[in-house]
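These are my notebook entries on one structure. I set down what I looked up, topic by topic.

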Amino acid sequence: MSLAFTAMLAKIGLWLAVLLNVAPVMVWVERRGSALIQDRLGPNRVGPLGLFQSLADAVKFLFKEDLTPSEVDKPLYYLAPALAVVPALTTFAVLPFGPDIEINGETVKLLVADVDSGVLLFLALASLGVYTLVLAGYSSNNKYSLLGSVRAAAQMISYELALTLSVVAVLVPVGSLRLDEVVRYQAETAWLGFLPGWNVFPQILGFLIFVVASFAETNRLPFDLPEAESELVAGYHTEYSSMKFALFFMGEYMSMATLSALGATLFLGGWHFPGLSYEGHWAVVALTGFTVLLVKIIAFLLLFVWVRWTFPRFRFDQLLRLGWKVLLPLALVNLIVVAALTIGGVL
Amino acid sequence: MPVDHLPVLLTLGFALGMGGVILLASSFIGSRSGGRIKLSPYESGEPLLDRSRKRISVVFFLIAIDFVIFDVEAAFLYPWVLVMHEGSWPLFWAMMVFIFLLLVGFAYIWVKGGLDLGLKKTDTSGS
C-alpha cells in the first residue's frame with residue numbers, strides 16, 4: 001500500500017473513532033447537563049459519575065424487540081434509519097484538521113478528501129438528511145410520523161437557505177471553496193492587531209445566523225418541531241424501536257458534531273490557534289491540530305446542550321417566519337456587505 | 001479531479017454498511033413477542049381514530065416552491081465567489097442585479113402573504 005492510501009485510511013479512522021463516540025458521550029453530557037441546569041442529579045449509578053450509562057443503554061437497545069409495525073412500507077421503512085448516519089459519516093471528509101505534514105519526504109494533507117468543491121460537497125451531503133426524515137415519516141404510515149416529517153422537511157429547507165448564505169459570505173474574502181484555504185486565510189490575518197484572525201469577529205452577524213440555522217438543521221430545541229413530544233408523540237420516529245431508533249439518535253448527534261466542526265472551521269479558525277506551534281514531528285503536528293479542532297467542536301456542542309435546556313419550543317409558524325422573514329434577509333444583507341467590503345479592500 | 005472524491009465514496013460505503021449491519025444485528029438479537037394489535041399503527045393505545053395518510057396543508061407545498069427559487073440563487077453564488085476577486089466591481093453589480101430580481105419575487109411572495117404560514121385559514125382537519 002502506498003503512503004497516501006495508508007494515510008487516508010488513518011485519517012478516516014481518526015474521524016470515525018471520534019464521531020462514533022460522539023453519540024454515547026453526548027447523551028451522557030446532555031443528561032448530566034440538563035440535571036445540572038434543573039438542579040437534579042442525573043444518571044449517577046452506572047460507573048463513575050454515571051459514565052457507563054450510555055453503554056448500558058446501547059446494550060439495552062440491541063436486545064430490545066426489533067418491532068416492525070404491520071402497516072409500514074417495508075423497503076423505505078428499513079432504508080430510512082440506515083440513511084440517518086450517512087450525512088454525518090460522509091461530510092467529515094472535507095474538513096481539514098491540521099497543516100500539511102511531511103512523512104518520509106512525502107507531503108500529506110490533513111484532510112480526507114482533498115477536493116476543490118470543499119464546502120459545496122459538505123452542504124450537498126449534509127442536505128441528504130432531509131431524505132431520512134421524509135422517508136421515515138412517509139413509510140411509517142402513522143399520522144404523527146407524517147406530520148413530523150412534513151414539518152421537518154419544511155424546516156430544514158427553510159433554514160438551509162440562511163445557512164448557505166452565511167457560509168457563502170465567509171468564502172467571499174477567501175475566494176475559494178476549499179476549507180483548508182479558509183483556515184489558512186484566518187491563520188494569516190489578525191484583527192485590530194491583537195484579536196485572532198477568526199471570521200467570527202468581522203462576520204459576527206453571519207456567525208449568529210449560522211448558529212441559529214444549525215440548531216434548526218439538526219432539529220434541536222428551540223427548533224425541535226419535527227419531534228415536538230407534546231403534540232406529535234415522537235414525530236418522524238414514532239414507529240421505530242430498538243437499534244432503528246438508536247440509528248436516528250446517533251445520526252442526529254453526529255450531524256451536530258460535523259456541523260459544529262464546519263462552524264469551527266469557518267468562523268473560529270479551525271485547527272489553528274494563535275500562539276501554538278505547528279512545527280516539528282508530523283505526529284505531534286497532526287495531534288495538535290486535531291485537538292484544537294476537537295476543543296472547538298466540544299465548545300459548540302456544549303452550547304447546543306445549554307440552549308436546549310434553556311429555551312422553550314417555538315410554534316411552527318413562528319419558526320418559519322423567523323427563517324424566511326428575519327434570517328434570510330439578514331443573511332443576504334450580510335453577504336452583500338461582506339462582498340462590498342472585500343472588493344473595497346477592507347477584508 | 002474526480003479521483004480526489006474517492007475517499008468520500010469510501011466513507012459513503014462505510015456509512016451505508018454500518019447502517020445495514022446494525023439493522024441486521026438488531027433484528028437477529030432482539031427478542032420477539034406480540035400479536036396483531038401490538039403491530040398496529042401507534043395511536044396512544046386507542047383503536048385508530050382516523051386514517052394515517054392525511055391531506056397535507058398547502059403551505060408546505062408553497063414553502064417547497066419558495067425554497068427551489070432561492071436554492072437556485074444560492075447555487076449561482078458559489079461560482080461568483082470564486083471569480084469575485086478578478087471580477088471586482090462590475091461583477092459585484094452584476095450579481096446585485098441578479099439578487100435584486102430575486103428580491104422582487106421575494107417581496108411579491110411577502111406582500112401576497114405567502115410567508116404568513118399560520119395554519120388557520122387552510123385548516124384541513126378531518127378531511
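I took a nonpolar core to be a set of buried Ala, Val, Leu, Ile, Met, Phe, Trp, Tyr and Cys residues joined through C-beta atoms within 7 Å. I called a residue buried if 20 or more other C-beta atoms lie within 10 Å of its own, exposed if 12 or fewer, and partly exposed in between, with C-beta atoms placed from the backbone.

I worked on a predicted model, in which local features need pLDDT of at least 70 and side-chain atom pairs count only at pLDDT 80 or more, while totals for chains, interfaces and linings use all residues. Residues are numbered from 1 along each chain as its sequence is written, and chains are lettered from A and ligands numbered from 1 in the order in which they are written.

**Core.** I found 128 residues in the largest nonpolar core, where A162(A) and M254(A) have the most contacts. α7(A) supplies the largest share of this core, 21 residues. I took helices (H or I, at least four residues) as DSSP runs, numbered from the N terminus. I counted a contact when two C-beta atoms, placed from the backbone, lie within 7 Å. Leaving out residues up to four places away in sequence, I listed the contacts of A162(A) as I209(A), A213(A), G323(A), L327(A), L328(A) and A331(A).

**Helix α11(A).** I compared its length with the expected span, which is 1.5 Å times one less than the number of residues. The 26 residues of α11 (residues 242–267) of chain A should span 38 Å, and the end C-alpha atoms are 38 Å apart, which agrees. Because 26 of the 26 residues of α11(A) are buried, this helix is largely enclosed by the rest of the structure. G269(A) follows α11(A) and has a positive phi, near 85 degrees.

**Contact of the chains.** I noted 58 residues from chain A and 52 residues from chain B in the contact. On the side of chain B, α1 (6–29) and α2 (58–112) are the elements that give two or more residues. The buried residues of α1(B) include P7(B), T11(B) and I22(B). I saw that the buried residues of α1(B) pack against α1, α2, α3 (74–84), α4 (86–91), α5 (118–126) and α11 of chain A.

**Positive phi.** Most residues other than glycine have a negative phi. I recorded a positive phi of about 60 degrees for L49(A), in the loop between α1 (3–37) and α2 (53–63) of chain A. L49(A) counts as exposed because it has 12 C-beta neighbours inside 10 Å. N141(A) also has a positive phi of about 60 degrees.
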